[in-house]
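Please read the points with the coordinates open.

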Amino acid sequence: MTGRLAIDGGTPVRTAPWPAWPRSGAAERRALTEVLESGRWGLGGDAVPKLEARFAALHGARYAVACCNGTMALQAALVAAGVQPGDEVITSPYSFAATAHAVRSLGAVPVFVDVEPGTHNLDPERIEAAVTERTTAILPVHIGGRPADMDRVNEIAARRGLRVVEDAAQAWLAGWRGRAVGTLGDAGAFSFQSSKNLTAGEGGMVLTDDEALYRRAWSWHDCGRDPTGSPHAHAPDGLNLRMTEFQAALLLSGLERLPAEQAIRRQAMDALAKGLAEMDGLRTPDPDPRITAHGCHIFMVRIEESRPAADPRDKSLDKHRVIEALRAEGIPAHPGYTTPLERGFPVCEVLCRTTVWIKHEVLLAGAAQMQDVVDAFAKVLARQ
């Protein structure tokens, strides 16, 4: 792709709009109206239990607990897994702050280990060195919807007697060896915040196959009540983390579209990976045959920090300059996380400096439209 950069007054690669997000229509209006007119906006409604059942079935889980947001879903999953004040939880520094906040909110300590350069996920080879006598759980983050290496995470956890709680906030319908992410550890937590592929503005979900963990998570999210007991009998601890019927109604509508939308995003992600794979100055994610489905929240591509020394244009590529140029070309590229949750992890530091995100609403345009993204990258990188 040649021509003057749009940021310098040239013609942009794309002027057509990308799909709007979130989507809504007649189905959402009907669902919200039904809840409104039912008079059951919270406790006693039908939408929340229906959502829990459908979300669990879609992911092959036995139990689900719907929560007010993803952070609290993660907190409830950690509580259910037995994390207590003073415990250490091993997790990734390349994540949204809520991963660490959920741990700290319980008085526990997030212990960060570095990530893999080709996956942006927790490096399993670094986990064991971080285990101490205070470690109780490993919290892998399936960042952008890409499953972490759950084979190694679970193997280490089993050998060291640790719980595994999956941060699947960005990984709806993602699969590892044919099993759904969020069901591979002791519990998993999902988010339905505004930017997510399945959204009600806010919301979260805990999945587990363990009945004891389910009962503990349910009790924690509903003021200490027992899921099968009296509504007026309370455990000594618990919070009100319940989802409203309005949230559940929106999510049930979105859940009907989710499988088809994810299929479109996966095809688009494959097209992007193929189109950018051999481009000078970029590094696309490492392939892994164990990933049987990507959550397709974010496609992450790395800008190489320097060109080969033999190249007369040899100089550092600044990702923010690249992003600014891409946006001028009509591609809504995003800088992603620009600092780790904790400093001092070399791989994570590099990824924060060099990773460009292409988010799911762009992917929703479909595989054919990804050629505009590829062309814009080629045009911009040729001028850097």
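The points below go from basis to strands, core, helices, a loop and cysteines.

1. Basis. This is a predicted model, in which local features need pLDDT of at least 70, side-chain atom pairs count only at pLDDT 80 or more, and totals for chains, interfaces and linings use all residues. Residues are numbered from 1 along each chain as its sequence is written, and side-chain values use heavy atoms, with hydrogens and water left out.

2. Strand β8. Helices (H or I, at least four residues) and strands (E, at least two) are DSSP runs, numbered from the N terminus. Buried means under 20% relative accessible area, exposed over 50%, and partly exposed in between, with a 1.4 Å probe and protein chains only. Strand β8 covers residues 187-191, and five of the five are buried, so the strand is largely enclosed by the rest of the structure. A187, A189 and S191 point one way, G188 and F190 the other. In a regular strand the side chains alternate between the two faces of the sheet.

3. Partners of β8. Two strands pair if DSSP finds at least two bridges between them. On one count, β8 pairs with β5 (residues 163-167) in the parallel sense, over three bridges. There, D167 has A189 as its bridge partner. β8 also runs antiparallel to β9 (residues 204-208), joined by four bridges. G188 stands opposite L207 of β9. A189 has V206 as its bridge partner in β9.

4. Strand β9. Five of the five residues of β9 are buried. G204, V206 and T208 point one way; M205 and L207 point the other. β9 also pairs with β1, antiparallel, over five bridges. A66 has M205 as its bridge partner in β9.

5. Nonpolar core. Which residues touch the most other members of the largest nonpolar core? They are F55 and M205, in a core of 43 residues. At least two residues of this core come from each of α2 (47-59), β1 (63-67), α5 (150-160), β9 and α7 (245-276). The core is a set of buried Ala, Val, Leu, Ile, Met, Phe, Trp, Tyr and Cys residues joined through side-chain atoms within 4.5 Å. In soluble globular proteins, nonpolar side chains tend to be buried together.

6. M205. Contact means heavy atoms within 4.5 Å. Leaving aside neighbours within four places in sequence, the contacts of M205 include L51, F55, A64, V65 and A73. G188, A189, F190 and F192 are also among them.

7. Helix α8. In α8 (residues 319-328), the residues K319, V322, I323, A325 and L326 are buried. Seen down the axis of α8, its buried residues fall within an arc of 165°, so they line one face of the helix. The arc is that of the directions from the helix axis to the C-beta atoms. The cover over these residues includes β12 (298-303), α9 (346-354), β13 (355-359) and α11 (370-382).

8. Ends of α8. At the start of α8, a side-chain oxygen of D318 comes to within 3.1 Å of the backbone nitrogen of H320. Just after α8, G330 has a positive phi of about 95°.

9. H221. This residue belongs to helix α6 (residues 211-221). Its relative accessibility is 4%, so H221 counts as buried. The H221 side chain reaches the backbone oxygen of W218 at 2.7 Å. Leaving aside neighbours within four places in sequence, H221 is in contact with V65, A66, C67, L239, N240, L241 and R242.

10. T132. Is T132 buried or partly exposed? At 37% relative accessibility, T132 counts as partly exposed. T132 is in the loop between β3 (109-112) and β4 (135-139). A polar contact of 2.6 Å joins its side chain to that of E88. A polar contact is a pair of N or O atoms within 3.5 Å; within protein, one must be able to donate a hydrogen and the other to accept it, and residues adjacent in sequence count only if both atoms are side-chain atoms. The T132 side chain also reaches the backbone nitrogen of R134 at 3.1 Å. D87 lies 45 residues from T132 along the chain, with 9.8 Å between their C-alpha atoms.

11. Cysteines. With a disulfide taken as a pair of cysteine sulfur atoms within 2.5 Å, the count is zero. For C67, the nearest cysteine sulfur is that of C68, 6.4 Å away. C67 is buried, at a relative accessible area of 0%. C296 is buried, at a relative accessible area of 0%.
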